[in-house]
Amino acid sequence: KMLRRYGKEFEMSCNCDFQAHLRRCAAYHEAKGGTWISEELISRLIEIHRSPKNRIRMYCFELWDLASGELAAASFGLRIGAFFHDFSMCCLLQDRRSAGSILT
């Protein structure tokens, strides 16, 4: 329902800035009371993301507010073959449009 109502106010992209957006997600969760996304984990995920030799692919799906150009939400996941698992997300824009609901 939210996607139908507000979807045209956002644009979606993938892996625009994996490293920066993962750090923003960690900071978002830390501000909310704590995060499991440590600097060591970020470093490992970036290594995996950049390595062409492994079968694991990392993804950051970004939702952008078209009016402001700001990152509204981000969702992170990994793919191994046909298996995909999302492991974290952050909703940076808190307003009536519920960007997190639109992204997921």
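In which element is the place of Glu 11? In this predicted model, where local features need pLDDT of at least 70, side-chain atom pairs count only at pLDDT 80 or more, and totals for chains, interfaces and linings use all residues, Glu 11 has its place in strand 1. Residues are numbered from 1 along each chain as its sequence is written, and side-chain values use heavy atoms, with hydrogens and water left out. Helices (H or I, at least four residues) and strands (E, at least two) are DSSP runs, numbered from the N terminus.

An open sheet of four strands, with antiparallel pairing, has the order 1-2-3-4, where two strands are said to pair if DSSP finds at least two bridges between them. Strand 1 (10-14) and strand 4 are the edge strands, each of which pairs on one side only. From one strand to the next the twist averages 20 degrees; here axes are lines fitted to C-alpha atoms, for helices over the stretch in contact, and angles run from 0 to 180 degrees between N-to-C directions.

Not counting residues up to four places away in sequence, Glu 11 touches Glu 62, Leu 63, Trp 64 and Leu 66, where contact means heavy atoms within 4.5 Å. The C-alpha atoms of Glu 11 and Gly 69 are separated by 9.3 Å, although these residues are 58 residues apart along the chain.

Strand 2 (residues 56-65) also pairs with strand 3, in the antiparallel sense and over nine bridges. In this pairing Ile 56 has Ile 80 as its bridge partner, Met 58 has Leu 78, and Glu 62 stands opposite Ala 74. The hairpin of strand 2 and strand 3 has five residues between the strands, and in it Gly 69 takes a positive phi near 80 degrees. Strand 3 (residues 71-80) is largely enclosed by the rest of the structure, because eight of its ten residues are buried.

On the side of strand 4 (residues 83-91), strand 3 is joined by eight bridges, and the two strands run antiparallel. Leu 78, the partner of Met 58, has His 85 as its bridge partner in strand 4. The hairpin that strand 3 and strand 4 form has two residues between them, and Gly 81 in the turn has a positive phi of about 60 degrees. His 85, found in strand 4, is partly exposed, with a relative accessible area of 40%. When residues up to four places away in sequence are not counted, His 85 touches Phe 76, Gly 77 and Leu 78, while its C-alpha atom is separated by 9.9 Å from that of Tyr 59, 26 residues apart along the chain.

A positive phi also occurs at Asn 15, with a value of about 60 degrees, although Asn 15 is not a glycine. Most residues other than glycine have a negative phi. Asn 15 has its place in the loop between strand 1 and helix 2, and is partly exposed, with a relative accessible area of 25%.

The helices are considered next. Helix 2 lies across strand 2, strand 3 and strand 4, and runs at about 60 degrees to strand 4. The axes of helix 2 (residues 18-31) and helix 3 (residues 39-50) come within 10 Å and cross at roughly 155 degrees. That makes helix 2 roughly antiparallel to helix 3, since angles under 35 degrees count as roughly parallel, over 145 as roughly antiparallel, 65 to 115 as roughly perpendicular and the rest as oblique. Helix 2 contributes Phe 18, Gln 19, Leu 22, Arg 23 and Ala 26 to the contact, and helix 3 contributes Glu 39, Ile 42, Leu 45, Ile 46, His 49 and Arg 50. The residues of this contact divide into six nonpolar, two polar and three charged, where Ala, Val, Leu, Ile, Met, Phe, Trp, Tyr, Cys and Pro count as nonpolar, Asp, Glu, Lys and Arg as charged, and the others, Gly among them, as polar.

Conventions:
Buried < 20%, exposed > 50% of the residue type's maximum accessible area, 1.4 Å probe, protein only.
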